[in-house]
Amino acid sequence: MKIAIASLALPKAGTLALTVAADGTFVPFGADVDARTGGLLSRAIAAGRFTGKAEETLTVLAPTGVEVGRIVLVGIGKPTEATPATAAGAAAAVVAGLLTSGETELAIAADGFDGLGVEPATFAAELAFGAVA
């Protein structure tokens, strides 16, 4: 699987993974993607059991308003309590959920939360590590 953690931009294909806090809030990039989908991501959270706890995932197939085939929301728990292991675990959860999907491309958005319990660069690096470990 081709995995990218790069500048914040919507990929043209594959899967986009977005981190979500324990209270269901998105980072700014995630909020923008939610707006582009007409609020589909927020509605998916409200309609199910997804709470944003660490390593919890919710997959939205064929989202409208974007070109990706799926968006995976992955919980990181309370941002202020995030550790490097939180990021690695989140990425590993996303990849584990995609292994049997046939997906060949994954972009993980590493936009940070205010008050993140770990430096944003470290969080992004651990996302990358968790995706390939």
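This is a predicted model: local features need pLDDT of at least 70, side-chain atom pairs count only at pLDDT 80 or more; totals for chains, interfaces and linings use all residues.

Colleague: At what angle do helix α3 and helix α4 pack, and how far apart are their axes?

Modeller: A helix pair is described by an angle and a distance between axes. Here α3 (residues 84-98) and α4 (residues 120-132) pack at an angle of about 40°, and their axes are 7 Å apart. The crossing of α3 past α4 is right-handed.

Colleague: Which residues of α3 and α4 meet?

Modeller: Contact means heavy atoms within 4.5 Å. On the α3 side, the residues are Pro-84, Ala-87, Ala-88, Ala-90, Ala-91, Ala-92 and Val-95. They meet Thr-122, Phe-123, Glu-126, Leu-127, Phe-129, Gly-130 and Ala-131 in α4. By class, this contact has 11 nonpolar, 2 polar and 1 charged residues.

Colleague: Let us turn to the loops. What is the phi of Glu-55, and where is Glu-55 placed?

Modeller: Glu-55 is a residue other than glycine with a positive phi, near 70°. Its place is in the loop between α2 (40-47) and β3 (57-61). Glu-55 has a relative accessible area of 45%, so it counts as partly exposed.

Colleague: What is the phi of Ala-62, and is Ala-62 buried or exposed?

Modeller: Ala-62 is not a glycine, yet its phi is positive, at about 50°. This residue lies in the loop between β3 and β4 (70-75). The cut-off for exposed is over 50% relative accessible area; Ala-62 has 59% and is therefore exposed.

Definitions and conventions: Residues are numbered from 1 along each chain as its sequence is written. Side-chain values use heavy atoms; hydrogens and water are left out. Axes are lines fitted to C-alpha atoms, for helices over the stretch in contact, and angles run from 0 to 180 degrees between N-to-C directions. Helices (H or I, at least four residues) and strands (E, at least two) are DSSP runs, numbered from the N terminus. A crossing is left-handed if the near helix is turned anticlockwise from the far one by less than a right angle, and right-handed if clockwise. Ala, Val, Leu, Ile, Met, Phe, Trp, Tyr, Cys and Pro count as nonpolar, Asp, Glu, Lys and Arg as charged, and the others, Gly among them, as polar. Buried means under 20% relative accessible area, exposed over 50%, partly exposed in between (1.4 Å probe, protein chains only).
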